[in-house]
Amino acid sequence: MGPILGVILLWLGGLSSASFYAPVHRIRNWAWATYWISLGFVAWLIMPMLGALLVSTDLFGILRTSPGVSLFQSYFFGVLWGFGGLMAALALRYLGLGLGNSIALGVCAIVGTVVPAVVEHKAGLLIATRGGQTILVGLVVCLLGIVLCGYAGVLKERSGAGVSNGSTPAGEFRFARGLFMAIFGGIASSFMAFSLISGAPIAQAAVDAGTPDVFKNIPVLVLSLAGGFTTNFIYALIVTMRNHTLGDYCLPDRKILLANFFWSAVSGVMWYAQYFFYGMGTTRMGQYDFASWSIFMSSIVLCANLWGLALKEWTQTDRKTKWVLWSGIAVLVLSICLIGLGNWIDQGA
């Protein structure tokens, strides 16, 4: 039941991640950076602290007794991850929720799965065991699904359907610019996996202090996400001062202002939920815990494309483009099933 529960939790995390950006179309009279850092304040500072306090009896004692190098590395990799998250978010702005997530998170899935496996000397499991071989096939299938979704985006732009709709602001569909940000954002976003690996001593300290094993990674997220907030806050501050949009925080129309803060908070809570579920799910994946990242990323891409369809990002595309998109989604579903099967094979052996 362990790996199956792990896949379910990772799936819930993917659904939360794919859904967090949907409220952006309800934001009025705010610059994008204002919305982004407002949701970030909730997602990267308030919720991680609240979540850790809820699942751990002595959060500050855990952090105080953890190795300094682990604290620093968790935060530092969080800073690097924050840069990737920012780039990936800009990719959503220029490509739309479905396509932007497909490319950025596909790159992130491969890098964040394979590299940690090499670092932890588990790469041999991908070849030496039946479960590992199944997972390896799942990773390749995942990459194929990403390519298909990306190709659908190319067809969308060629058809002239790259116009304002869904989660893409008016006139901002830019495939080349969005592709660049999605690829480099995806690479840098994989540092979250490294942050959690570096935080293993913190997680162990949490368990020693009485935190249930399924919640042991939650205290690590306090540092990881604080690092991400640092990067994004600096960016938002620079852009806000340059564009003179500080007044966004005190709009004269209080109804719009409160609505903007509310939807930003909703986005922030959903954003944090992805790593809350991810942190629990990865503890149930056994020796193939490094594959958790790929399952997580694939489920995000799948759910994000479903959101893209719901938000009518593809309504003006032709039948071929929609067929390629749905093929990519189907392949991603298959990759999730293969990776989950690979975990189950050796867990049950």
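This is a predicted model: local features need pLDDT of at least 70, side-chain atom pairs count only at pLDDT 80 or more; totals for chains, interfaces and linings use all residues.
Student: At what angle do α9 and α11 pack, and how far apart are their axes?

Tutor: An axis is a line fitted to C-alpha atoms, for helices over the stretch in contact, and the angle runs from 0 to 180 degrees between N-to-C directions. For α9 and α11 the angle is about 135 degrees, and the axes are 10 Å apart.

Student: Which hand does the crossing of α9 and α11 have?

Tutor: Look at the near helix: turned anticlockwise from the far one by less than a right angle, the crossing is left-handed; clockwise, right-handed. α9 crosses α11 in the right-handed sense.

Student: Which residues of α9 and α11 meet?

Tutor: Contact means heavy atoms within 4.5 Å. From α9 come Met-192, Ser-195 and Leu-196; from α11 come Val-220, Leu-221, Ser-224 and Leu-225. Sort residues by class: Ala, Val, Leu, Ile, Met, Phe, Trp, Tyr, Cys and Pro are nonpolar, Asp, Glu, Lys and Arg charged, and the others, Gly among them, polar. The contact of α9 with α11 then has five nonpolar, two polar and no charged residues.

Student: How many helices and strands does the protein have?

Tutor: Both are DSSP runs, numbered from the N terminus: helices are H or I with at least four residues, strands E with at least two. The protein has 14 helices and zero strands.

Student: What share of contacts joins residues 24 or more positions apart?

Tutor: Take the contacts with a separation of 6 or more; such pairs account for 85% of them.

Student: What percentage of the residues is buried?

Tutor: Buried means under 20% relative accessible area, exposed over 50%, and partly exposed in between, with a 1.4 Å probe and protein chains only. Of the 349 residues, 56% are buried.

Student: Why is helix α9 largely enclosed by the rest of the structure?

Tutor: Helix α9 spans residues 191–198, and six of its eight residues are buried, so the rest of the structure largely encloses it. The buried ones are Met-192, Ala-193, Phe-194, Ser-195, Leu-196 and Ser-198.

Student: Are the loop residues Ser-190 and Asn-217 buried or exposed?

Tutor: Ser-190 sits in the loop between α8 (175–189) and α9. Its relative accessible area is 1%, so Ser-190 is buried. Asn-217 sits in the loop between α10 (200–208) and α11. Asn-217 has 8% relative accessibility and is buried too. Beyond four places in sequence, Asn-217 touches Leu-196, Ala-203, Gly-279, Thr-282 and Thr-283.

Student: How do α11 and α12 pack?

Tutor: Helix α11 (residues 218–243) meets α12 at about 135 degrees, with axes 10 Å apart. That angle makes α11 oblique to α12. Their crossing is right-handed. Ile-218, Leu-221 and Leu-225 of α11 contact Trp-271, Tyr-272, Tyr-275 and Phe-276 of α12. By class, the α11 and α12 contact has seven nonpolar, no polar and no charged residues.

Student: How do α2 and α12 cross?

Tutor: The axes of α2 (residues 32–55) and α12 (residues 254–281) come within 7 Å and cross at roughly 50 degrees. That makes α2 oblique to α12. The crossing is right-handed. By class, the contact of α2 with α12 has 14 nonpolar, five polar and no charged residues. One of the α12 residues there is Ala-265. Ala-265 is partly exposed, at 27% relative accessibility. Ala-265 and Ser-38 are 227 residues apart in sequence, yet 7.3 Å apart C-alpha to C-alpha.

Student: Which residues touch the most other members of the largest nonpolar core?

Tutor: A nonpolar core is a set of buried Ala, Val, Leu, Ile, Met, Phe, Trp, Tyr and Cys residues joined through side-chain atoms within 4.5 Å. The largest one has 67 residues; Trp-36, Trp-44, Leu-221, Leu-225, Trp-271 and Tyr-275 touch the most other members. α2 gives the most to this core, with eleven residues. Another core lies apart from it, with twelve residues, including Cys-149, Leu-155, Trp-314 and Leu-325.

How values were computed: Residues are numbered from 1 along each chain as its sequence is written. Side-chain values use heavy atoms; hydrogens and water are left out. Angles under 35 degrees count as roughly parallel, over 145 as roughly antiparallel, 65 to 115 as roughly perpendicular and the rest as oblique.
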